[in-house]
Structures are given as structure tokens and as C-alpha cells.
Amino acid sequence: MQYRRAFVAGGTYFFTVNLLERDKSLLTDHIDLLKTAFRRVKLSHPFYIDAMVVLPDHLHVIWTLPENDFDFATRWRLIKSHFSRSLPSTERINLSRLKKSERGIWQRRYWEHLIRDELDYERHVDYIHYNPVKHGYVDKPVDWPYSSIHRFIENGIMFNTWSVGETEMLVNLRIR
């Protein structure tokens, strides 16, 4: 079966990207290295980060690509590569990865979804901001430090009490 991706120039996409070893906390332990990787790639391959949350073992992000550009794959390859090269080689590397000169930091694939409309966008932003609560890291989204919710609050798009009293609805929030 061939995996098909939706490539739309100037598209807005939701991504989930995971560490290979889900019991690790490399992303939050090395948040500055991850931020540097994003900054470096954005300089050479611009894109806008609409919303984002970084958890210890995975991240969720919504990007909007430039008008005539659909190449999110190169951006992810570069971000993963920059981040991985910044870390000491202490992870276990299986034979398959060794043969391909790959590190054992990231899962090879990632999940992407082309945002269809405003409601789809809003649901994915909510999912991103509520994710630290869903995983039990904090009681309120505003308490998680590695989230774009702080930018949303600062810009008056959300209030710092967002999701309080809405827990059942947000826990059951499904995205496709």
C-alpha cells in the first residue's frame, strides 16, 4: 500500500511528530535545541507556526506554508536532523537504522492532516492547547510552558481560563 500525502501549496497542516522511544522526554529536556532547529529551518524554508505544543515525547503543530510552497516533508527532515545532530549519541540504534545511517531519536513517519476549513482549524488548535491536560501533565492548559496558548492569550485570542469547566467536552474532542 502506498502512503499518500496531501500536498497543497500554501496549505495549512496539522502534524503529530513522535520520538521513537515514547518513554523518553528529550523534547522538553532539550527544548532550546528543538527551538533552535525550528528557527534554523524557518530561515531557509519559511513557514508560519499557527499553534504548537511540545510534550516530552511528541509534539503537535499547525503550520501554514508560503503561497507557492507545499514541501513540508523537507522541513520535517531538516528539523529532525538538526535536533538529532545536537544531541549526544546515547540512544539504541537498531540494525535497520544503522544501515541507513539514521539516529534512533524520531519515529520515521509523522502524521499530517490538511486543514479543511475554519471549524477544522479551531478544533485542531483546541486539541493542541488541551493536549498537556489530556496527557496528565497539568490541570489547566495555561500551566504548560511549551505551548502556543500563551501567545494566544497575550494576543487576546483566548483567555487564561480557557477550558476551565469544559473538561468533558475537551477530553472527548476528536480530530480527524
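Reader: How many of the 7 residues of strand 1 are buried?

Author: A strand is a DSSP run of E with at least two residues, a helix one of H or I with at least four, and each kind is numbered from the N terminus. Buried means under 20% relative accessible area, exposed over 50%, and partly exposed in between, with a 1.4 Å probe and protein chains only. Strand 1 is largely enclosed by the rest of the structure, because the number of its residues that are buried is 7 of the 7.

Reader: From where are residues numbered along each chain?

Author: This is a predicted model, in which local features need pLDDT of at least 70 and side-chain atom pairs count only at pLDDT 80 or more, while totals for chains, interfaces and linings use all residues. Side-chain values use heavy atoms, without hydrogens and water, and along each chain, as its sequence is written, residues are numbered from 1.

Reader: Which residues of strand 1 point the other way from T12, F14, T16 and N18?

Author: In a regular strand the side chains alternate between the two faces of the sheet. In strand 1, T12, F14, T16 and N18 point one way, and these buried residues have buried counterparts pointing the other way. Those counterparts are Y13, F15 and V17.

Reader: Which residue is the bridge partner of T16 in strand 4?

Author: Two strands pair if DSSP finds at least two bridges between them. Strand 1 pairs with strand 3 in the antiparallel sense over 7 bridges, and there T16 stands opposite H60. Strand 1 also pairs in the antiparallel sense with strand 4, over 4 bridges. In strand 4 the partner of T16 is W111.

Reader: How many residues lie between strand 2 and strand 3 in their hairpin?

Author: Strand 2 (residues 48-54) has 6 of its 7 residues buried. It runs antiparallel to strand 3 (residues 58-64), and 6 bridges join the two; V54 stands opposite L59 in strand 3. The number of residues between the two strands of this hairpin is 3.

Reader: How many residues does the largest nonpolar core have?

Author: In soluble globular proteins, nonpolar side chains tend to be buried together. A nonpolar core is a set of buried Ala, Val, Leu, Ile, Met, Phe, Trp, Tyr and Cys residues joined through side-chain atoms within 4.5 Å. In the largest one, the residues with the most contacts inside it are F15, L34, F38, L59, W63 and W76, and its total number of residues is 27. Strand 1 (12-18), helix 2 (31-44), strand 2, strand 3 and helix 3 each supply at least two of the core's residues, 27 in total.

Reader: Which residues does L34 touch, not counting residues up to four places away in sequence?

Author: Touching is a contact, which means heavy atoms within 4.5 Å. When residues up to four places away in sequence are left out, the residues that L34 touches are L27, V54, L59, F83 and W106.

Reader: Is N131 buried or exposed?

Author: N131 has its place in helix 5 (residues 118-134). Residues up to four places away in sequence aside, N131 touches V53, L55, H58 and H60. Because its relative accessible area is 0%, N131 is buried.

Reader: Is N68 buried or exposed?

Author: N68 is found in the loop between strand 3 and helix 3. Its C-alpha lies 5.0 Å from that of A9, although N68 and A9 are 59 residues apart in sequence. Because its relative accessible area is 69%, N68 is exposed.
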